[in-house]
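User: I'm new to this structure and would like to learn how to read it. Can you walk me through it, one feature at a time?

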Amino acid sequence: MSDLATGYEISTDPDRIDAERVHRWLSEDAYWALGRSREKQDRAIAGSLNFGVYDTASGEQVAYARVITDRATFGWLCDVYVDPSVRGKGIGTSLVEAVREHLREYGLRRILLATHDAHGVYEKAGFTPLAQPDQWMAYLY
């Protein structure tokens, strides 16, 4: 597991999530969530296990991830975002590894995610492409 950069901490405390900042990051800069409404983002936060990375000096949130899980068999890692001002410090990899380790206690069979451009981050944390993608299906609205 990589060490989180000095001066940062990871928390699952939902009260620390800066929902306004998370909404701005995702709805304005994340290709998968562009235009997402604040109401929809707030519902997503409320229904998920949330992870934040915080600057220990200022308390400012600098990264976010959430997991949709039944806490028994399955987890979906999504909305992973690192503020551009702190990218390149390994925060994304440390965050994903912390999520993986936190979920270990539930004994999940698998954690899935989808990415267009961050395969390297997830590979560092042990994620691999689906062995049999032809067995997976999706229903899209």
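User: How much of the protein is buried?

Analyst: Buried means under 20% relative accessible area, exposed means over 50%, and partly exposed is in between, using a 1.4 Å probe and protein chains only. Here, buried residues make up 41% of the 141 residues. Keep in mind that this is a predicted model: local features need pLDDT of at least 70, side-chain atom pairs count only at pLDDT 80 or more, and totals for chains, interfaces and linings use all residues. Residues are numbered from 1 along each chain as its sequence is written, and side-chain values use heavy atoms, leaving out hydrogens and water.

User: What secondary structure does the protein have?

Analyst: Helices (H or I, at least four residues) and strands (E, at least two) are DSSP runs, numbered from the N terminus. The protein has 4 helices and 5 strands, in the order β-α-α-β-β-β-α-β-α from the N terminus on. Its radius of gyration is 15 Å, close to the 14 Å that the globule rule gives for 141 residues, so the protein is as compact as a globular protein of that length. That radius is taken over C-alpha atoms, and the rule is 2.2 Å times the number of residues to the power 0.38. The C-alpha atoms fill a box of roughly 45 × 35 × 30 Å along the principal axes.

User: Which strands does E3 pair with, and in what sense?

Analyst: Two strands pair if DSSP finds at least two bridges between them. Strand E2 (residues 49-55) and E3 pair in the antiparallel sense over 6 bridges, with Val53 opposite Ala63 in E3. E3 and strand E4 (residues 74-82) also pair in the antiparallel sense, over 6 bridges, and there Tyr64 stands opposite Tyr81 in E4. As for cover, 8 of the 9 residues of E3 (residues 61-69) are buried.

User: What sits in the turns of those hairpins?

Analyst: The E2 and E3 hairpin has 5 residues between its strands, and Gly59 in the turn has a positive phi of about 80 degrees. The E3 and E4 hairpin has 4 residues between its strands, with Arg71 in the turn. Arg71 has a positive phi of about 60 degrees although it is not a glycine, and it is partly exposed, with a relative accessible area of 42%.

User: Where is Asp79, and is it buried or exposed?

Analyst: Asp79 lies in strand E4 and is buried, with a relative accessible area of 4%. Its phi is positive too, at about 55 degrees, although Asp79 is not a glycine.

User: How do I read a helix, and which residues of H1 are buried?

Analyst: An α-helix has 3.6 residues a turn, so residues three or four places apart point the same way. In helix H1 (residues 19-29), the buried residues are Ala19, Arg21, Val22, His23, Trp25, Leu26 and Ser27. What covers them includes helix H2 (38-46), E3 and E4.

User: How do contacts link parts of the chain?

Analyst: Contact means heavy atoms within 4.5 Å. Among contacts between residues at least 6 apart in sequence, 60% join residues at least 24 apart.

User: Where is Met137, and how far is it from Leu49?

Analyst: Met137 lies in the segment after helix H4 (119-124) and is exposed, with a relative accessible area of 81%. Met137 and Leu49 are 88 residues apart in sequence and 24 Å apart in space, C-alpha to C-alpha.
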